[in-house]
Each structure stands twice: as structure tokens, then as C-alpha cells.
Amino acid sequence: MDATSVPCSTSATALELDELIDSLVASHRSFVDDLPYAGSSGSLAATRALVEEEVGVLDVRLSGEEDRLHLQRLKAWLEQEMVRLEPWFDERGEPRPSWIVGRQVLPLCDRQRLLMTSALDLEPADPMARRCLDPGFDLVSLLVGLYVRDETRLAHYALDRYLRLSGDYSLMRLISVFAVCRCLAGARRALRRSESGREPAFRLAEIMTECRRYLDLAEQVSNFRFPPLIIGVGVSGSGKSRFMAEIVERLGAVRLCSDAERRRLFGIDPQEVEPETTVDIFSPESTERTYQRLASLAGLLLNAGIPTCIDATCLTRAQRQLLRQQGEARGLPVLIVSFEADEATLKKRIVKRSGEYGVDPDESLAVLKGQMDGFEDFSPDERRNLLRIDTTAEHVGDTLALLVEKHFNLSYS
């Protein structure tokens, strides 16, 4: 199940990971725009039918007692979660055909390295692909396909990019259920290769190893987690966004970016370079709304058991306190990471970035000065869970990862 090192064509016969994620976001955008759905939807019924089919097939084909007990534990967990999460299923709208329906089957690549021979690790003829399901299953098919190939960091990256561009954070309430369903489908697909009954012993062993890998991943997904909350603090040019993105890839967290959510509040595409708007999206009122949204989304993610990173300047104690409360009120670990650099370095980075984006450097430097003047130092209470990072030092990413790991007693995949 490992990704191959065979070169992958980047022509029309292959998809790069960013291309696939952007295509999924565009395909699902109308679905997200319709949320929340008014009245009960068919999403829960469609998911229950999928569970019933996949469990039924595996129950017949799994012969080992331990494997069958494993399956029954997963079935019981799914039944419990679908009852508990019924209100959130009702908000998801009507099931829809998969992204792959009507599309050419294309391999998935990362920087010209072949990852999967089918972009979502799902063939159009697969029974799961023929069902109408929540669009979140498309994303989950990609993630599970990456995880079982030990492409953990790419899976984390894909999830972060998809959520940042789509804004479909409500999916995270249900993503564990969808992922376990997808793992069951993967196990079923593996077992189908032994249907002839004439495979040699070594081939049967490979098939069962693949099947159990999906079942083990399903077990891992279903385990309850106490998610940490990491709050990134730093002015423009501090390197905050760069290193927060890196820690997200290592930790498997969801990143909430103030820039993306501020734009989303006003109907602006997070990817738009120079948005045209008649509203001042940086007014004090807009900033307050942005932090309220960040806090609300952080609460949603933490309730779902998802490690959460917040990428925002967080200049004031009130802003940081609002965000900290989302973790502390739930009894969850919170860490503030202050990304720092000397003023000359900050200005140099700002000027360089302004040139890359065709922005007036004087305007960007004025923004930096306003941020530095408006920054409120950390209170004694904040300092108890504060990590200061000098982003001019060498190996910052590795240092940050080790310090976060030590703080939360984590181990990265």
C-alpha cells in the first residue's frame, strides 16, 4: 500500500494534490453555500445504508474470530455515533453523487511522485462510488487513501487546504464516522481480491494484511481524543503562518486562519489576491467579528475531538482570552506560541513579500507599525502556557515540533 517512487506525469493524464483539492472545493462549493439545511436531510439514512452494506459484506467474508470481533466493535461504535450526531447529519443537506462520477480516472501525484493510481483511491465501479452520499465522503476517501499508504503529512496538508478554502468546518463533526465507513469499504475491497479462492498462500496473506490495515485505521479513528488548542501569535512578517502550517502537517490539526475567515465573513474568496470590496474588512468591528468567528469554529472543532491551531495576529489580551476560553472551558490543553523576529528582519520580510505580490511596501510597513504599536504584552496568566519562538534561528520548524510535542506529550506520525 506504500506510495510508489515511480515518476508521475503532470499532463492531462494525472492530477497533483493541490489540483485535486481545489477541484473538490469547487465541486462541493454549492453544497457548502446551502448550509445549514432546513429540515431533516437524507444524509443520515444514506450513511446508515452504507454501514449496513459494508458491515454485512465483511461479516460474511471475515473468517478469523479476532477480525470479526474487531468488525463488531466498529459497527457498535458507528451505530452509537450516528444516534449521537443525528442533529448534525440533519444539517448537512441531501446526499449527492461522488466527485468521481462522470470523470476520467486519473492518478494522483505529489511533485511528480505517484501516490495513487486513482485520485480518490476509489474506482467508479466500486459500490461506494455508485451511492449518493455526503460530499465529505470524497475528501475522506482521499484522506484514508493517503493514511493507509503512510502519507500522513500529505493527508494532514490535504485536510488543512480543503477546510481553509471551503469553510466546511461542520464536516468535522462527522468526519470520524465517514472515515470509519471508508475504511470498512477499503477492507471490503481488499477481500474481494480473494473471491476466486485460488490465490497462493502468500497472496492471501498480503490481502489480509491490507484488510487489517484498513480495520486498524478505523479503530484508530474511532478512539476518543482530548484535542489540544494552539494559538499562534505574531505580527506580519513574523513567520507565523508558515510555521503554523508546518505544525499542522505534523500534528494533524485543523488550522483556522484569520485572513481566510475575515474574507469569508464578507463573501470574499480566501484565494483572491486583491479583493474588491466596498466594506472595510479591517475595521475594529470587522476584526471583532473575525475573532468571534474564530472562537466559534475553534469550539466546534474541539467538541469534535479535532486538534486546533489558530493562525491570527492576536494582538490584544482580550482576543487571546476569547480564544483560550474555547479550550480551557472544555478542560483541554492550550498553548500560546509567540512567533518573533527583530524589527529589521520583519521589515525586510515585508518588503520582499510586497514585491512578490505587487503591493505597495510602504502600505505594508504601515500595517506592521500599527500592529507593533497595538500589541499588548502577555499577562502572567498567559505566560504559564506560552512558548516563544525566534523565527530567525535555524531549524525553527523542527524546534517548534519538538517543543509542542513535549508540551502536549505527543508523538508525530
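This is a predicted model: local features need pLDDT of at least 70, side-chain atom pairs count only at pLDDT 80 or more; totals for chains, interfaces and linings use all residues.

Entry 1: I then looked up the strand order and found an open sheet of five strands, arranged 5-6-4-7-8 with parallel pairing. Which strands stand at the edges? They are strand 5 (254-257) and strand 8 (386-390); each has a single partner strand, so one side of each is left without a neighbour in the sheet. From one strand to the next, I noted an average twist of 20 degrees.

Entry 2: I picked strand 4 (residues 229-233) and strand 6 (residues 308-311), which run parallel and are joined by four bridges. What is the bridge partner of Ile230 in strand 6? I found Cys309 there.

**Entry 3: a helix across the strands.** Next I followed helix 11 (residues 284-303), which lies across strand 4, strand 5 and strand 6. Relative to strand 5, helix 11 runs at about 170 degrees.

**Entry 4: Leu142.** I moved on to helix 5 (residues 136-147), where Leu142 lies. Is Leu142 buried or exposed? Its relative accessible area is 0%, and because buried means under 20%, Leu142 counts as buried. I then listed its contacts, leaving aside neighbours within four places in sequence. Leu142 touches Leu17, Leu20, Ile21, Leu108, Met116, Ala119, Leu120 and Ala158. I also checked Leu142 against Leu114: the two are 28 residues apart in sequence, and their C-alpha atoms are 14 Å apart in space.

Entry 5: Where does Arg111 lie? I found Arg111 in the loop between strand 2 (108-110) and strand 3 (113-116). Its phi is near 55 degrees, a positive value in a residue other than glycine. With a relative accessibility of 74%, Arg111 counts as exposed.

My other stop was Asp150, in the loop between helix 5 and helix 6 (152-166). Asp150 is not a glycine either, yet has a positive phi of about 60 degrees. Its relative accessibility is 51%, and because exposed means over 50%, Asp150 counts as exposed.

How values were computed:
Residues are numbered from 1 along each chain as its sequence is written. Side-chain values use heavy atoms; hydrogens and water are left out. Two strands pair if DSSP finds at least two bridges between them. Helices (H or I, at least four residues) and strands (E, at least two) are DSSP runs, numbered from the N terminus. Axes are lines fitted to C-alpha atoms, for helices over the stretch in contact, and angles run from 0 to 180 degrees between N-to-C directions. Contact means heavy atoms within 4.5 Å. Buried means under 20% relative accessible area, exposed over 50%, partly exposed in between (1.4 Å probe, protein chains only).
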